[in-house]
Amino acid sequence: MKKVVLHIDMDAFYAAVEQRDNPSLRGRPVIVGAPPDRRGVVATCSYEARIFGVRSAMPSCEAFQRCPQAVFVSPDMRRYQYASEKVFEIFSRYSPTVEPLSIDEAFIDVSGVRRLLGSPRDIACSIRSTIRDELGLSASVGIAGNKFLAKLASEKAKPDGCFEMPDDRAEIIRWLGRLEVGELWGVGRVSRKTLENAGLHKVADIQRCDRRKLAGLCGQRFADHLVNLSFGIDAREIETVVAEKSISKETTFNRDVSDRAGLLAMLLNLCDEVGSRLRSQGYTAQLCRIKLRWSDFKTITRQQHFPSEICDDFSIRELAVELFNREKLVAPVRLIGVGVAELNNRHEQQQLLLFDDQKEEIRKRERISRAVDNIRAALGDRAIARGSCFAGQEQPGNALRMDSQ
Ligand code: TTP
Ligand code: MG
């Protein structure tokens, strides 16, 4: 059976939610992020603002200079998270094999459902129109035989389109050859510079280059990875997480990070987001997991059970940090993630707690976590900032940390 992968990515996601919920913003340049008079960056912007060169992770003051007529809106993660859950619910109607990549994008393996649902293009059209009809949002879809090509295809489809990679291998290789090396999956700013300094600017240069020279430049493993991608070869499977009930959140850094303190700060943010989703969905969790992907793409996960079932941020933070501290940073980190699993409905938790003091402590932690949820619900997500210092993930607002309460 021929493998068919869809990569779906929502268009200007946060800005599109804002325009949907506030009709006066439709058709206008909308910038979601820090206000222009404050330090901070653009999370995203509507396509109307992109015409002026505004981009994600750009300082808001620069975005204002480029597009002074834009409407600046502070991020409201709760609404984006809610929209995201609805989007993923739609994906799950089409295939059991969905791999979430971020709040607004996923790979979907539709190889096994084609007979039921039609051609890949029919399936893609149906997903796009369902998202539009039910959620009032637009998505772009790439269709290909593997993840790497599907992701490139969806970029080509943007905004609000669908692009299917050609079937012919020679045509794919020609098509890939015209791309910049920086467009290959896994080539960040540093490796791009290394490749370009060696005269490798286009993917065609990688296709033609001496393999030994390439391995000397960036290591055998990465060289093999690049050569495979340059010919459109990518054997990664879709990593589905739907089979097991779990909640997780991960971040890929714009640049690989070696600084433990920075990683820890991001880990804590992710813990709070996971905790907040756990509570809003009415679950408790028994298992905590962390995930680290090194710069060479090797990925590790570590997990451990909580002492008892929990649904508060403190317990997730404690165990995630403990798991993290046990790991030596063997290489710079590309991606960090936190998850909880073995979920139960919250009301079943209470009977399982054995000791009164344990019960009391768990309840206290839960009360505080819920109080934080309420503050965020009442005053917006930025009332208690997650305090990240990474480009594109910076949240405006005053930092009021959980652990200082
Ligand atoms: P993207 O899918 O990268 O961007 P987008 O959906 O806004 O626009 P498009 O896909 O059409 O190019 O990211 C999804 C959301 O993640 C985005 O709406 C806001 C958030 N985000 C950040 O907060 N910081 C960033 O640096 C990026 C890239 C995204
Ligand atoms: Mg998007």
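Biologist: Is Asp104 buried or exposed?
Modeller: Buried means under 20% relative accessible area and exposed over 50%, with partly exposed in between, for a 1.4 Å probe and protein chains only. The relative accessible area of Asp104 is 11%. Asp104 is therefore buried.

Biologist: On what kind of model do these values rest, and how are its parts numbered?
Modeller: This is a predicted model, in which local features need pLDDT of at least 70, side-chain atom pairs count only at pLDDT 80 or more, totals for chains, interfaces and linings use all residues, and side-chain values use heavy atoms, with hydrogens and water left out. Residues are numbered from 1 along each chain as its sequence is written, while chains are lettered from A and ligands numbered from 1 in the order in which they are written.

Biologist: Which protein residues are donors of the magnesium ion (ligand 2)?
Modeller: Donors are N, O and S atoms within 2.8 Å of the metal (3.2 Å for Na, K and Ca); water is not among the atoms, so sites may look incomplete. The protein donors lie 1.9 to 2.2 Å from the ion, and the donors follow the spacing D-M-x93-D along the chain. They are Asp9 (OD), Met10 (O) and Asp104 (OD).

Biologist: How far apart in the chain are Met10 and Asp104?
Modeller: Strands (E, at least two residues) and helices (H or I, at least four) are DSSP runs, numbered from the N terminus. Met10 belongs to strand E1 (residues 5–10), and Asp104 to the loop between strand E5 (98–102) and strand E6 (105–109). The pair links distant parts of the chain, 94 residues apart.

Biologist: Is Met10 buried or exposed?
Modeller: The relative accessibility of Met10 is 2%. Because this value is under 20%, Met10 counts as buried.

Biologist: In what order do the five strands of the open sheet that includes E1 stand?
Modeller: Two strands pair if DSSP finds at least two bridges between them. The pairing in this sheet is mixed, and its edge strands, E5 and strand E8 (162–164), each pair on one side only. The order is E5-E6-E1-E7-E8.

Biologist: Which strands stand at the edges of the three-stranded sheet?
Modeller: This open sheet has the order E3-E2-E4, with mixed pairing. Each edge strand has a single partner strand, so one side of each is left without a neighbour in the sheet. The edge strands are strand E3 (42–45) and strand E4 (71–73).

Biologist: What is the bridge partner of Val32 in E4?
Modeller: Strand E2 (residues 30–33) and E4 pair in the parallel sense over three bridges. The partner of Val32 in E4 is Val73.

Biologist: Which residue in the hairpin of E10 and E11 takes a positive phi?
Modeller: Strand E10 (residues 283–294) and strand E11 (residues 299–310) pair in the antiparallel sense over eight bridges, and Cys288 has Gln304 in E11 as its bridge partner. The hairpin has four residues between the strands. The residue with a positive phi, near 80 degrees, is Phe297.

Biologist: How many helices and strands does the protein chain have?
Modeller: The chain contains 405 residues, of which buried residues make up 50%. Its secondary structure comes to 15 helices and 13 strands.
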